[in-house]
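The account below goes through the pairs in turn and asks how accessible their members are.

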Amino acid sequence: MSDPVDVPIEDDAIRLGQFLKLANLIDSGSEAKMVIAEGLVRVNDEVELRRGRQLHAGDVVVLAGHKVRVTSG
């Protein structure tokens, strides 16, 4: 898998569901709920099932072969 794409956030943290939308990995909150519940999202190389998981700068999220890293903006 290639290097992650950096996606800046404005605050110190962001919820996983919001970040998936910000990174253009999904189109809606309902889609976020579905892909997370199905175990398709990995955070820092571990399956994450919590849509409200707080992400911080340096966290790496993977969905459907797309790898993105949270950066401070």
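A residue is called buried when its relative accessible area is under 20%, exposed when it is over 50%, and partly exposed in between. The model discussed here is predicted. A salt bridge is taken as a side-chain nitrogen of Lys or Arg within 4 Å of a carboxyl oxygen of Asp or Glu, and by this rule there are four salt bridges.

One of them joins Arg69 and Asp6, with a distance of 2.7 Å from N to O. This pair connects distant parts of the chain: Arg69 lies in strand E7 (residues 66–72) and Asp6 in strand E1 (residues 5–9), 63 residues apart. Arg69 has a relative accessible area of 29%, so it falls in the partly exposed class. Asp6 is also partly exposed, because its relative accessibility is 42%.

Another salt bridge is formed by Asp45 and Arg42, whose closest N and O atoms are 3.6 Å apart. Here the two partners fall into separate classes: Asp45, at 63% relative accessibility, counts as exposed, whereas Arg42, at 31%, counts as partly exposed.

Arg50 and Glu48 also form a salt bridge, with their closest N and O atoms 2.7 Å apart. Is Glu48 buried or exposed? Its relative accessible area is 6%, and therefore Glu48 is buried.

Conventions
Residues are numbered from 1 along each chain as its sequence is written. This is a predicted model: local features need pLDDT of at least 70, side-chain atom pairs count only at pLDDT 80 or more; totals for chains, interfaces and linings use all residues. Side-chain values use heavy atoms; hydrogens and water are left out. Helices (H or I, at least four residues) and strands (E, at least two) are DSSP runs, numbered from the N terminus. Buried means under 20% relative accessible area, exposed over 50%, partly exposed in between (1.4 Å probe, protein chains only).
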